[in-house]
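My plan is to go through the model piece by piece and jot down what I look up.

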Amino acid sequence: MKKNIQIAIDGPAGAGKSTIAKIVAEKLGFTYIDTGAMYRAVTYKALQENIELNDEKKLEEMLLKTTIELKPSPNGQLVFLDGKDVTMKIRSHEVTANVPKVAAIGKVREILVAIQKQLAKDGAVVMDGRDIGTNVLKDAELKIFMSASVEERAKRRLLDNEKRGISSDFEKLKEEIALRDKQDMEREISPLVQAEDAIYLDTTDLSIEEVAEKILHLAKEKME
Ligand code: CDP
Ligand code: CDP
């Protein structure tokens, strides 16, 4: 019998975490959990409600009245906030730029991490984020820390934007990515850092298929 393992994937923005996590989950018949989408949904709601993004008490009150659901669909994972589909809205430039502020707040992390642990408790999950291997799933059987040069990650984001009909400036994208990484790495609570027992994967010169293949191979070894 194959084991229902937990796979944790962490790394900076644009490393390929969500793309790869989705493929790996699908191939193994596991559930994919995008924790970044949860921090984005909370940020979106806080912006909508004009809550100061450093006001821990207000954010906590808001979160206690909030439901976030991740639902698989043929077109990828959908994100529901208080019953409404916000999948596209949480990818806006405004949300992306502000999410590290909200993600630095202790109470926000405490509440979201509790949900994430609950979702993963039976295993058979691929979860991606910033603190999965170091905090959320400390006992995950397989931990990957995925990265790529900031140039490559900005190039990927530029292409993503082009496909969505959004024109963007390469240098500006690079700066924004570097700033978000810095904020995520320098926050006090659960900063972005490689777990000691994580496998480091530099995806700069690797295709999506090559990265997915490597992780699937590692996962199958752990499942035996
Ligand atoms: O997909 P992308 O790399 O742009 O980011 P994301 O995974 O959607 O995460 C957005 C932001 O949420 C990150 O920049 C972090 O500030 C925060 N985040 C976090 O703090 N912890 C996680 N486990 C996941 C995301
Ligand atoms: O989730 P994260 O922010 O780490 O990255 P992503 O959203 O999965 O990937 C960003 C973009 O890079 C997507 O358009 C992927 O198709 C692309 N990508 C790539 O070109 N080569 C890879 N090895 C991995 C991702």
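**Entry 1: ligand 2**

Which helices each supply at least two residues of the shell around ligand 2? I found α1, α7 (150–163) and α9. Helices here are DSSP runs of H or I with at least four residues, strands are runs of E with at least two, and both are numbered from the N terminus.

A note to myself on the ground rules: this is a predicted model, in which local features need pLDDT of at least 70 and side-chain atom pairs count only at pLDDT 80 or more, while totals for chains, interfaces and linings use all residues. Residues are numbered from 1 along each chain as its sequence is written, and chains are lettered from A and ligands numbered from 1 in the order in which they are written.

Back at ligand 2, I saw that α1 gives the most to the shell, with three residues. Of the 15 residues around this ligand, G16, K17, S18, T19 and R156 come nearest. A residue is near a molecule or strand if its C-beta atom, placed from the backbone, lies within 6 Å of it. I sorted the shell by class and got five nonpolar, seven polar and three charged residues. For these classes, Ala, Val, Leu, Ile, Met, Phe, Trp, Tyr, Cys and Pro count as nonpolar, Asp, Glu, Lys and Arg as charged, and the others, Gly among them, as polar.

**Entry 2: α1 against α9**

Next I followed α1 to its helix partner. Helix α1 (residues 17–28) packs with helix α9 (residues 208–223) at an angle of about 50 degrees, and their axes are 9 Å apart. That angle makes α1 oblique to α9. Axes are lines fitted to C-alpha atoms, for helices over the stretch in contact, and angles run from 0 to 180 degrees between N-to-C directions.

Which residues meet here? From α1 I listed T19, I20, I23, V24, K27 and L28, and from α9 I208, V211, A212, I215, L216 and A219. Two residues are in contact if their C-beta atoms, placed from the backbone, lie within 7 Å. By class, this contact has 10 nonpolar residues, one polar and one charged.

**Entry 3: the five-stranded sheet**

I then traced an open sheet of five strands, ordered β2-β6-β1-β7-β8, with parallel pairing. Strands pair if DSSP finds at least two bridges between them. β2 (31–34) and β8 (199–202) each have a single partner strand, so they stand at the edges with one side left without a neighbour in the sheet. From one strand to the next, the twist averages 20 degrees.

For a close look I picked β2 and strand β6 (residues 125–129), which run parallel and are joined by four bridges. Y32 has V126 as its bridge partner in β6.

**Entry 4: ligand 1**

Which element gives the largest share of the shell around ligand 1? My answer is α2, with four residues. There are 16 residues around this ligand, and A13, G36, A103, G129 and R130 come nearest. The elements giving two or more residues are α2 (35–48), α4 (93–103) and α8 (170–186). The classes came out as six nonpolar, five polar and five charged residues.

**Entry 5: α2 and its neighbours**

Are α2 and α4 roughly parallel or roughly perpendicular? They pack at an angle of about 100 degrees, with axes 8 Å apart, and are therefore roughly perpendicular to each other. Y39, R40, V42, T43, Y44, A46 and L47 of α2 make the contact with E94, V95, N98, V99, V102 and A103 of α4. I counted nine nonpolar, two polar and two charged residues in it by class.

Six bridges link β3 with strand β4 (residues 76–81) in the antiparallel sense. I68 has L81 in β4 as its bridge partner.

Terms used. Angles under 35 degrees count as roughly parallel, over 145 as roughly antiparallel, 65 to 115 as roughly perpendicular and the rest as oblique.
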